[in-house]
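Trainee: I have a structure open and would like to go through it with you. Can we start from the top?

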Amino acid sequence: MPSGYQATQIYHQLPSTKLSYSVSVEHLDSESLLPQPITLVPKRGMPHCPGHPMVGGVPPSLLKGPNMADNNKTRILSFSSPWLSTVLVASAPNVAIDNAIVMNLSTRPANYEAGLYRGSIAPFHSKSLRECMVIGAEQVLICETQQRENLGGLLREWTWYGEKDSNFDRRTPLYVSPQEEIGEVEFNPGEVFGLAHSGTKGLQRFHLKLNLWYAPAFTDCGIHCEHTFLEVHTQLIGTGRMQKFRENSSNTLFEDLIVPAGSTHPPFFNLKSDGTFDYPWHRYFSDSDCVWMAIEFHPTQGERYEVQS
Ligand SMILES: [Fe+2]
């Protein structure tokens, strides 16, 4: 990019996505090649332009300069929708957040600044941030509500869960998005999730997968305890609950955890000393119309979270 050039409102639409984004580069310093802040601002209503990923008269070469986002490291996930944008950003020096839920999808804290205040988001946790700068993020997912009108339109975009599970209650309005594979991650789950009593011994490898869920208010999403993976959930729109039960019955509830938008609940799974894991009977319950995200860790060693030596 030429020295002193200031690019603003560069409209960029990635193939096979429904949303377009503008990338603003601010305060380009002709004396410095230091990375500059990257601002990702979802734009509504941009027309789909097959074969023309860049619009607005900006040549693609301008998006590859030393001060620009590396587009190979910025990925709009397939479950982005007109209601909610979800952008995965990896290895970005600075990411300006206007008003979004930021999920840290790395094993190291994601630091951010708000003026003189500094904070961090723990690994596989989330925060709702406004006018902040995320600094040196290893991998974060930026989730921004675009509109709430006709939120139930998501059920026409996604799959009714009963089509995936023939035993699922045929009356339950629970809908699931496509699943995204983010990559492999390696960490000690007992340490990262604060389960010091778990007795886990070292680093374990997982396939990290994400999907979104939608349910209207007061939906019982089904009590279950069978999982082949570790999971936590991040609330994105509305307010929900994660609940634990003594038995497979709503009458046996013993823990009721309210999950407001922006929060990720503590894990419900137990890590056992024999290298396996289990869950209590549990369910998600929507207090309002809700969109939430499942963060799934699928052990690369089958159903064991711990590699045996
Ligand atoms: Fe579950």
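Trainee: What is the average pLDDT of the chain?

Mentor: This is a predicted model, and the chain averages a pLDDT of 79. Of the residues, 72% score at least 70.

Trainee: Where does pLDDT stay under 50?

Mentor: One such stretch is residues 1-37, where the model has 78 contacts beyond four places in sequence. Another is residues 41-72, with 48 contacts of that kind.

Trainee: Ok. How many helices and strands are in the chain?

Mentor: The chain has two helices and 20 strands.

Trainee: And how much of it is buried?

Mentor: Buried residues are 34% of the 309 in the chain. As for contacts with a separation of 6 or more, 69% are between residues 24 or more positions apart.

Trainee: On to the strands. What does S13 pair with?

Mentor: S13 covers residues 204-215 and pairs with strand S11, residues 175-176, in the antiparallel sense over two bridges. Strand S12, residues 180-187, is joined to S13 by seven bridges, again antiparallel. Strand S20, residues 290-299, runs antiparallel to S13 and is joined to it by 10 bridges.

Trainee: Which residues face each other there?

Mentor: Tyr 175 is opposite Tyr 214 in S13. Glu 181 has Lys 209 in S13 as its bridge partner. On the S20 pairing, His 207 is bridged to His 298.

Trainee: What holds paired strands together in general?

Mentor: Strands of a sheet pair through backbone hydrogen bonds, either parallel or antiparallel.

Trainee: Which strands form the open sheet, and in what order?

Mentor: It has three strands in the order S16-S15-S19, with antiparallel pairing. S16 (253-259) and S19 (281-286) are the edge strands, each pairing on one side only. Neighbouring strands in this sheet are turned by 20° against each other on average, direction ignored.

Trainee: How many bridges join S15 to S19?

Mentor: Six bridges join S15, residues 240-245, to S19. Phe 245 is opposite Trp 281 in that pairing.

Trainee: Now the inside. How many residues does the largest nonpolar core have?

Mentor: That core has 59 residues. Val 102, Val 134, Val 140, Ile 142, Leu 236 and Val 291 have the most contacts inside it.

Trainee: Which strands supply it?

Mentor: S6 (84-104), S7 (110-114), S9 (126-145), S12, S13, S14 (230-237), S19 and S20 each supply at least two residues. S6 gives the most, with 10 residues.

Trainee: Why does the core lie between the two domains?

Mentor: Because domain 1 (10-145) and domain 2 (151-299) both give residues to it.

Trainee: Let's do single residues. Is Ile 121 buried or exposed?

Mentor: Ile 121 counts as buried because it has 21 C-beta neighbours inside 10 Å, and the cut-off for buried is 20 or more. Ile 121 lies in strand S8, residues 117-121.

Trainee: What is it in contact with?

Mentor: Beyond its neighbours within four places in sequence, Ile 121 is in contact with Val 102, Asn 104, Pro 109, Ala 110, Ser 126 and Lys 127. Asn 104 is 17 residues from Ile 121 along the chain, and their C-alpha atoms are separated by 6.4 Å.

Trainee: And Glu 184, buried or exposed?

Mentor: Glu 184, in strand S12, counts as exposed, with 11 C-beta neighbours inside 10 Å. Outside four places in sequence, Glu 184 is in contact with Arg 205, Phe 206, His 207 and Thr 300. Leu 208 is 24 residues from Glu 184 in sequence, and the two are 5.8 Å apart, C-alpha to C-alpha.

Trainee: Last topic, backbone angles. What is the phi of Ser 91?

Mentor: Phi of Ser 91 is near 55°, a positive value in a residue other than glycine. Ser 91 is in strand S6 and is partly exposed, with 13 other C-beta atoms within 10 Å.

Trainee: What about Glu 131?

Mentor: Glu 131 also has a positive phi, about 45°, and is not a glycine. Glu 131 is in strand S9 and counts as exposed, with 10 C-beta neighbours inside 10 Å.

Terms used:
Residues numbered from 1 in each chain as written. Predicted model: local features only at pLDDT ≥ 70, side-chain atom pairs only at ≥ 80, totals over all residues. Pairing = 2+ DSSP bridges. Helix = DSSP H or I, 4+ residues; strand = E, 2+ residues; numbered from the N terminus. Axes fitted to C-alpha atoms, helices over the stretch in contact; angles between N-to-C directions. Core = buried A, V, L, I, M, F, W, Y, C linked by C-beta atoms within 7 Å. Buried ≥ 20, exposed ≤ 12 C-beta atoms within 10 Å, placed from the backbone. Domains from an automatic or database assignment. Contact = placed C-beta atoms within 7 Å. pLDDT = per-residue confidence, 0-100.
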